Amino acid sequence: MEVYDLICNSSQELLDYLQYQMLKNKIQQKEIAATLGKDPRSISQIFRVGNPKCQTLFDLVSAANFQMDINFIKKDDTD
């Protein structure tokens, strides 16, 4: 299992990274939409707008068959 470290400063950065992983793993947005029972256009809009609810983000990650590991670190510890 590959594990990637990423420091995100916005939900758009996190969505961009999820989209990168989807492309890398050949997962299409229409597959995510079908898994979630949503219209593919609504999934596309989530990635475009970049400000999903937290639960929506977890749903997208799960639908792509990924897990997300979150760590909170103090800003001054990231240097």
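How much accessible surface does the protein have, and what share of that surface belongs to carbon and sulfur atoms? The accessible surface comes to about 6,400 Å², and 50% of it belongs to carbon and sulfur atoms. Please keep in mind, as I go on, that what you see above is a predicted model.

Let me begin with the overall picture. The protein has 79 residues, of which 22% count as buried, and its C-alpha atoms fill a box of roughly 40 × 30 × 20 Å when this is taken along the principal axes. The secondary structure consists of four helices and zero strands, so that, if you read the elements from the N terminus on, the order is simply α-α-α-α.

Now to the way the helices meet. Two packed helices are described by the angle between their axes and the distance between the axes. Helix H1, residues 11–24, and helix H4, residues 54–63, pack at an angle of about 10°, and their axes are 11 Å apart. Because angles under 35 degrees count as roughly parallel, H1 is roughly parallel to H4. On the H1 side the contact is made by Leu14, Leu15 and Leu18, and on the H4 side by Leu57, Leu60 and Val61. When we divide these residues by type, we find six nonpolar, no polar and no charged.

In soluble globular proteins, nonpolar side chains tend to be buried together. In this model, the largest nonpolar core holds 14 residues, and those that touch the most other members are Leu18, Met22, Ile32, Ile43, Phe47 and Leu60. H1, helix H2 (29–36), helix H3 (40–49) and H4 each supply at least two residues of this core, and the largest share, four residues, comes from H4.

Another residue that is worth a look is Gln29, which is found in helix H2. Again not counting residues up to four places away in sequence, Gln29 touches Gln19, Met22, Ile43, Ser44 and Phe47. Gln29 and Asn51 are 22 residues apart in sequence, and from C-alpha to C-alpha they are 17 Å apart in space.

Finally, let us turn to Asn71, whose place is in the segment after H4. Is Asn71 buried or exposed? Its relative accessible area is 59%, and because exposed means over 50%, Asn71 is exposed. Asn71 and Asp5 are 66 residues apart in sequence, and yet 9.9 Å apart in space, C-alpha to C-alpha.

How values were computed. Residues numbered from 1 in each chain as written. Predicted model: local features only at pLDDT ≥ 70, side-chain atom pairs only at ≥ 80, totals over all residues. Heavy atoms only, no water. Axes fitted to C-alpha atoms, helices over the stretch in contact; angles between N-to-C directions. Parallel < 35°, antiparallel > 145°, perpendicular 65-115°, else oblique. Contact = heavy atoms within 4.5 Å. Nonpolar A, V, L, I, M, F, W, Y, C, P; charged D, E, K, R; others polar. Core = buried A, V, L, I, M, F, W, Y, C linked by side-chain atoms within 4.5 Å. Buried < 20%, exposed > 50% of the residue type's maximum accessible area, 1.4 Å probe, protein only. Areas by Shrake-Rupley, 256 points an atom, 1.4 Å probe, with all protein chains shown as cover.
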